[in-house]
Amino acid sequence: MSLFDWFANREKAEPPMLQPQSPQEREVADGLWTKCPACGVLTYTKDLQGNWLVCAECGHHLRVDSDERIRQLIDAKTWQPINEHLQPTDPLKFKDRKSYKDRIRDTQKATELTDAVQTGHGRLDGLPIALGVMDFRFMGGSMGSVVGEKLCRLIEYATLERLPVIIICASGGARMQEGMLSLMQMAKISGALQKHQEQRLLYIPVLTHPTTGGVTASFAMLGDLILAEPKATIGFAGRRVIEQTLREKLPDDFQTSEYLMHHGFVDAIVPRPQLKRTLAQLISLHQPFYPILPPLNADPKQVNPELVLSHTALAVDNQISVNQDS
Ligand SMILES: [Zn+2]
């Protein structure tokens, strides 16, 4: 049977008995108390929210949705969302246990989002930035054509307005329901980032739990500086797939922020309470460089070494762990 026939048959097939609507993946309950998934300690939810959704007992970073993340990072009343009107379509008429169309509709209703990323601009400690925040609640933060298009337009906007870009990554990878259209977003976003970079503008991806698949294989790893939250899962293929391919047992901390920093893929692990301040510091360190940077083809020996960002100084100041090798 050809692929076209398979899709045609799926369209004709009776809709299967649907599973009850699975609750969106939420770690923070609506109730008064929230149980930490790592240590099991119950915390008053308001206290937990006041502590950036980090468990005070064990330091576990609970999952943050995109609205909360924008509240945490952007100064009050400065957030301006862009391209909110973009809606996913169902070009392949994809159906598994449930049709993609229904899945989109139900997820939109449950999350009040149009797709798995929110983009916009605002101020972070007074500094103007362009921000994209992925939301894992929306189909596992998967990257379809809307996520790709919104991020691409965000980066293009930032290039025009000469703004730094920050993308908070949280994704299971490319969205299989849109097939090839999802995969091409990797190249599209990478191309937009290249143009942003040619203008010597700053791009910082922040890798949160989990950042995997096509997102890791494209914009999550293309930052000028790559930050990660502690103990986040970051990888391309799943652990089991790699173990079966290599026929080797992988280390326990494989595909964690700490493992990646140790191996040079991540520049700094920043606990969430320090994230806003760290980003503000990095952006303000970078901003005065614009007018005084030499042309791209200048002799690197002529660059004033005092202008080079000192990772160590930043770490001492912020008490964060940084990759000394990068
Ligand atoms: Zn805990």
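Where is the place of Lys-77? Lys-77 sits in the loop between H3 and strand S3 (80–81), where helices (H or I, at least four residues) and strands (E, at least two) are DSSP runs, numbered from the N terminus. This is a predicted model, in which local features need pLDDT of at least 70 and side-chain atom pairs count only at pLDDT 80 or more, while totals for chains, interfaces and linings use all residues. Residues are numbered from 1 along each chain as its sequence is written.

The backbone of Lys-77 has a phi near 65°, a positive value in a residue other than glycine. Lys-77 is exposed, with 7 other C-beta atoms within 10 Å.

Gln-255 is buried, with 21 other C-beta atoms within 10 Å.

The next group of residues comes from a database record. In an unreviewed entry, UniProt lists Cys-36, Cys-39, Cys-55 and Cys-58 under "binding site". These four span 23 residues in sequence, yet no two of their C-alpha atoms are more than 8.7 Å apart, so they gather at one spot. UniProt positions are given in the numbering used here, feature names are shortened, and annotations may be inferred rather than shown by experiment.

Two of these cysteines can be followed in more detail. Cys-39 lies in the loop between strand S1 (33–35) and strand S2 (42–44), and Cys-58 in the loop between helix H2 (45–50) and helix H3 (66–73). Cys-39 is exposed, with 12 other C-beta atoms within 10 Å; Cys-58 is exposed as well, with 11. Leaving aside neighbours within four places in sequence, Cys-39 is in contact with Cys-55, Glu-57, Cys-58 and His-60, contact meaning that the C-beta atoms of two residues, placed from the backbone, lie within 7 Å.

A cis peptide bond joins His-209 and Pro-210, with omega about -15°. Pro-210 is found in strand S7 (residues 203–211).

Definitions and conventions
Buried ≥ 20, exposed ≤ 12 C-beta atoms within 10 Å, placed from the backbone.
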